Amino acid sequence: MVGGRRFRPGGGFGRQLDEYETRVGVPPSTESPNPPASGLVDSAVYIRGHRFASPSGLAETYRCLQEQDGAMAWIGLYRPDIEQITSLAREFRLHDLAVEDAINAHQRPKLERYGETLFVVLRAARYDDLREEVEFSELHLFIGPGFVVTVRHGEAPDLAAVRRRLETEAQMLARGPESVLYAILDQVVDGYAPVVAGLENDIDEIETEVFGGDPNASRRIYGLSREVIQFQRAARPLLTVLDALAGAGSGSKDEELRRYLRDVTDHLTQVVERVDGFRHLLQNILTVNATLVSQQQNEEMRSLTAASYAQNEELKKVSSWAAILFAPTLIGTVYGMNFVHMPELNWRFGYLFALLLMLLVCGTLYLIFKRRGWL
């Protein structure tokens with residue numbers, strides 16, 4: 001497809017393409033970035049890098065492949081059911097273990113060889129700006145002679161963009177199924193760049209929150225650390241996959257594609273190194289945050305201790321004066337009792353004696369409390 005129109009080669013091949021489409025009656029289609037709930041998203045048959053037909057179902061795709069020599073089918077599925085997977089397994093002789101993995105999902109990135117068929121598991125990532133979270137999705141690929149089957153278990157990557165890109169580069173698409181694998185790997189790794197930028201921005205915000213004393217910083221550091229670890233689990237194993245595909249012992253005879261794959265490996269290595277740095281940085285931020293929280297708690301404890309000490313000092317003063325004032329009150333209360341037989345009541349110097357006794361007791365208590373620092 002070039003410039004939004006179907007590519008029409010001249011000669012017999014062009015007439016053959018027209019005859020096939022007239023007989024089948026199916027317009028060309030492209031894989032939608034917003035797939036349906038499940039099932040077949042797009043199916044296309046290519047010859048020499050150009051879209052030959054867009055079958056509407058798997059059976060029609062099989063028939064087209066059988067009728068055309070040198071054709072390649074690219075079948076895109078989104079969360080397919082067991083019947084569709086079983087049909088593909090029967091037609092392309094897919095291994096039972098690979099089929100089981102494609103159905104169950106939740107696999108780590110890996111590369112498996114089953115005869116002439118490659119089974120590749122990728123984990124794509126997408127940064128959600130609104131929620132400031134990283135979303136991960138799983139993509140399974142079956143690559144064999146004359147066919148590519150992609151099984152998506154999430155929204156990413158945008159395979160519609162990959163199709164459009166390859167269909168405008170017929171020379172690349174003509175290299176066969178391996179070119180599709182390269183393009184998808186390139187798309188997945190390129191999709192990591194916005195995630196890295198989003199995580200870097202989140203880390204900058206967290207640093208501001210930590211030094212600003214935000215009490216919720218620890219929770220966000222923990223959540224972001226989990227995202228970074230998940231990102232590492234998605235990106236790091238992919239290095240092994242790319243090394244196996246681009247290495248000398250990969251079995252690929254297309255040296256140019258291997259060069260492209262090595263370029264993707266270089267980009268992925270940079271991503272992995274930055275993500276590793278994020279993890280170490282978050283560990284350091286968490287340590288700093290714990291230190292700052294501890295210092296803040298110590299400051300609060302010192303403030304509470306100082307306040308308690310001040311209150312204690314005030315309490316000492318109040319208690320001391322209460323004791324001093326209690327002494328004359330006690331003496332005055334004793335002599336204020338209405339008993340007839342109290343010797344001091346008839347004593348000439350009784351009143352003076354009571355006053356002197358009050359002064360003596362108050363003075364003694366004052367000196368004692370003063371020496372102890374209570375006053």
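Visitor: Which residue stands opposite His50 in β2?
Guide: That's Ile47, which stands opposite His50 of β2 in this predicted model.

Visitor: And how many bridges join β1 to β2?
Guide: Three bridges join β1 to β2, and the two strands run antiparallel.

Visitor: How many residues sit between the strands in that hairpin?
Guide: The hairpin of β1 and β2 has two residues between the strands, and Arg48 takes a positive phi near 55° there. Arg48 belongs to the loop between β1 (39-47) and β2.

Visitor: What makes a positive phi worth a remark?
Guide: Most residues other than glycine have a negative phi. Arg48 is not a glycine, yet its phi is positive at about 55°.

Visitor: Is Arg48 buried or exposed?
Guide: Exposed, with a relative accessible area of 65%.

Visitor: Where is Arg93, the other arginine with a positive phi?
Guide: Arg93 lies in the loop between α3 and α4. Its phi is about 55°, positive although Arg93 is not a glycine. Arg93 counts as exposed too, at 75% relative accessibility.

Visitor: Let's switch to the sheet. What is the strand order?
Guide: The order is β2-β1-β3-β7-β6-β5-β4, seven strands in an open sheet with mixed pairing. The edge strands are β2 (50-53) and β4 (110-114), each of which pairs on one side only.

Visitor: How much are neighbouring strands turned against each other?
Guide: On average by 25°, with direction ignored.

Visitor: Which helix packs on that sheet?
Guide: Helix α4 (residues 96-104) packs on the sheet, where α4 touches β4, β5, β6 (133-144) and β7 (147-152). The direction of α4 makes about 155° with that of β6.

Visitor: Which residues in β5 partner Leu111 and Lys110?
Guide: Leu111 has Val120 of β5 as its bridge partner, while Lys110 stands opposite Val121 in β5.

Visitor: What about the turn between β4 and β5?
Guide: β4 and β5 form a hairpin with two residues between them. Gly115 in the turn has a positive phi of about 65°.

Visitor: Which residues line it?
Guide: The lining of the second largest pocket is Leu65, Gln66, Ala71, Glu91, Phe92, Arg93, Tyr114, Glu116, Thr117, Pro145, Gly146 and Phe147. So Arg93 turns up again, as an exposed residue that is also part of this lining.

Visitor: Which helices each supply at least two of the lining residues?
Guide: Those are α2 (58-67) and α3 (82-92).

Visitor: Zooming out, how many helices and strands does the chain have?
Guide: The chain comes to 10 helices and seven strands.

Visitor: What share of the residues counts as buried?
Guide: Of the 375 residues of the chain, 43% count as buried.

Visitor: And what share of the contacts with a separation of 6 or more comes from residues 24 or more positions apart?
Guide: Residues 24 or more positions apart account for 65% of those contacts in the chain.

Notes. Residues are numbered from 1 along each chain as its sequence is written. This is a predicted model: local features need pLDDT of at least 70, side-chain atom pairs count only at pLDDT 80 or more; totals for chains, interfaces and linings use all residues. Side-chain values use heavy atoms; hydrogens and water are left out. On a 1 Å grid over the protein atoms alone, a cavity is a set of points where a 1.4 Å probe fits but cannot get out, and a pocket is an open set with protein on both sides within 12 Å along at least five of seven lines; lining residues have an atom within 4 Å of a point. Helices (H or I, at least four residues) and strands (E, at least two) are DSSP runs, numbered from the N terminus. Two strands pair if DSSP finds at least two bridges between them. Axes are lines fitted to C-alpha atoms, for helices over the stretch in contact, and angles run from 0 to 180 degrees between N-to-C directions. Contact means heavy atoms within 4.5 Å. Buried means under 20% relative accessible area, exposed over 50%, partly exposed in between (1.4 Å probe, protein chains only).
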